[in-house]
Amino acid sequence: MMDTKILRELGLIVGERDLLTSPEDLVCYSYDASQPTLDQLPSAVLNADSTEEVAAIVRLANRRRFAVVPRGSGTNLSGGAIPLRGAVVLNLGRMKRILELDADNLTATVEAGVITDQLLAAVEAEGLLYPPDPASSSVSSIGGNVAENAGGLRGLKYGVTGDYVLGLEVVLPTGEVIVTGGKCFKDVAGYDLTSLFVGSEGTLGVVTKITVRLIPPPQAKRTLLALYRQVEEASRSVSGIIAAHLIPATLEILDGTTIRYVEEFKGLGLPVDLGAILLIEVDGRPTEVEEESSRVAEICRSLGATEVSIASSEEEALQLREARKAALPALARVRPTTILEDVTVPRSQLAPMVKKVREIAQHHDVSIAVFGHAGDGNLHPTCMTDERDREEMERVQAALTEIFATALELGGTITGEHGIGLKKRPFLPQAVGQARLEAMVRIKNVLDPQGILNPGKIFREAGPT
């Protein structure tokens with residue numbers, strides 16, 4: 001239990017109504033979207049309304065030696081938002097204002113709690129585009145996207161969140177407030193601190209405001225659906241498209257298991273007797289779109305697609321994108337525990353990786369569906385299991401460990417967009433090597449000497465002393 005004196009001081013900062021301490025309230029902030037859960041409550045939850053409140057909370061944490069876990073919408077898939085024992089959750093969901101849409105400079109400035117789809121809609125209303133679109137965009141926050149350097153369906157052509165962040169307002173672990181970057185597209189005045197904080201998972205600072213760059217939307221787009229008997233054929237088509245120097249905006253894969261459960265969940269009319277589908281979106285100038293979509297379709301057919309169809313309307317294209325974004329919730333309905341993983345390999349190694357995942361699942365007798373951003377080599381092996389079955393969970397963990405090792409053997413990495421957090425912490429040394437790991441730890445220790453912010457995530461440091 002946290003000292004009542006500290007709780008009174010926290011109440012003075014955020015107000016008594018925004019200091020949550022009852023078990024009924026705390027349980028809602030004890031987990032994120034990753035599984036299995038820890039069943040460990042935070043000491044308190046603080047609903048911050050401003051950068052000044054965030055800074056005051058962090059300064060108090062330094063004086064009183066307690067840990068602070070920044071939190072957005074809780075859609076984190078690596079345990080990064082799970083509070084370890086004694087920690088206070090700092091909820092940024094109240095900070096949800098779109099502060100400025102600057103069409104002249106093609107930028108937007110928002111608070112960290114703005115929901116991704118709200119920004120997308122506001123920008124679209126101005127005739128512009130903010131390309132990052134994670135599958136959780138209807139619920140995830142921009143601050144959380146920055147903390148994890150989130151990807152999305154358009155990542156192949158347009159890049160990830162970090163490619164669009166121009167500047168940040170950050171509360172450092174000491175309580176100081178700094179601003180990095182701004183509206184300038186070119187800025188090399190000192191170290192690139194903006195990039196340092198992007199993807200730092202709330203361990204180096206609390207991001208409170210974000211300035212992102214916007215782009216004009218494409219003039220035209222065309223959505224294709226390619227059907228395959230075997231998932232390996234679909235994987236080879238992805239490599240073939242990239243090898244032909246074609247870069248679609250979207251190039252997503254769903255294996256047969258995922259297709260069946262998405263159709264059962266959404267009823268979109270997807271054929272359920274397939275090995276895999278590729279969802280492909282080509283955009284650009286109208287003539288380019290027509291030419292590239294024809295070439296993409298030809299490559300898919302030559303590498304095993306039994307059928308390639310083109311969405312006849314924007315409504316049909318939207319349904320296909322909805323099918324991809326529904327993959328996780330559809331699979332989550334199958335068993336009590338759903339572990340969504342995240343590995344990335346060079347695109348030329350996509351087919352071997354998919355094949356190996358299937359072999360690993362069979363060897364360990366576990367159920368693993370595969371979907372993901374195939375165009376950039378980012379796969380999401382998703383295990384449907386039951387955390388109450390200890391023996392099955394041991395087989396699941398063995399399978400996932402082997403999947404991570406396979407990704408590394410193929411020249412890939414253990415995470416492309418979900419981050420390390422708590423769940424992948426044991427695998428980080430193997431992925432990055434000792435020297436690189438020690439460099440990261442030194443950065444953490446310099447910026448957060450007392451281990452205040454999100455301790456136990458990424459590294460196994462002890463936390464406040």
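# Helix packing and salt bridges

In α1, K5, I6, E9, L10, I13 and V14 meet E53, A56, I57, L60, R63 and R64 of α3. By class, this contact has 7 nonpolar residues, 5 charged residues and no polar ones. The model is a predicted one. Across the structure, the salt bridge count comes to 22.

**Packing of α1 against α3**

- Helix α1 covers residues 4–14 and helix α3 covers residues 51–64; their axes come within 9 Å and cross at roughly 165 degrees.
- An angle over 145 degrees counts as roughly antiparallel, so α1 is roughly antiparallel to α3.
- The crossing in which α1 passes α3 is right-handed.

**D133 and R154**

- A salt bridge joins D133 to R154, with the closest N and O atoms 4.0 Å apart.
- D133 sits in the loop between α4 (116–125) and α5 (142–148), while R154 sits in the loop between α5 and α6 (155–158), so the pair ties together parts that are 21 residues apart in sequence.
- Both D133 and R154 are buried.

**K209 and E169**

- K209 forms a salt bridge with E169, and here the closest N and O atoms are 3.8 Å apart.
- This pair links distant parts of the chain, 40 residues apart: K209 belongs to strand β9 (residues 206–213) and E169 to strand β7 (residues 165–171).
- K209 counts as partly exposed because its relative accessibility is 26%.
- E169 has a relative accessibility of 14% and therefore counts as buried, the cut-off for buried being under 20%.

**R395 and E391**

- Between R395 and E391 there is a salt bridge whose closest N and O atoms are 2.8 Å apart.
- Helix α14 (residues 390–409) holds both R395 and E391, which are 4 residues apart, or about one turn of the helix.
- With a relative accessible area of 44%, E391 is partly exposed.

**A salt bridge network**

- D18, D49 and R94 are linked to one another in a network of salt bridges.

**Placement of the pairs**

- The D133 and R154 pair runs from one loop to another, the K209 and E169 pair runs from strand β9 to strand β7, and the R395 and E391 pair lies within helix α14.
- As for burial, D133 and R154 are buried, E169 is buried, K209 is partly exposed and E391 is partly exposed.

Methods. Residues numbered from 1 in each chain as written. Predicted model: local features only at pLDDT ≥ 70, side-chain atom pairs only at ≥ 80, totals over all residues. Heavy atoms only, no water. Axes fitted to C-alpha atoms, helices over the stretch in contact; angles between N-to-C directions. Helix = DSSP H or I, 4+ residues; strand = E, 2+ residues; numbered from the N terminus. Parallel < 35°, antiparallel > 145°, perpendicular 65-115°, else oblique. Left-handed = near helix turned anticlockwise from the far one by under 90°. Contact = heavy atoms within 4.5 Å. Nonpolar A, V, L, I, M, F, W, Y, C, P; charged D, E, K, R; others polar. Salt bridge = Lys/Arg side-chain N within 4 Å of Asp/Glu carboxyl O. Buried < 20%, exposed > 50% of the residue type's maximum accessible area, 1.4 Å probe, protein only.
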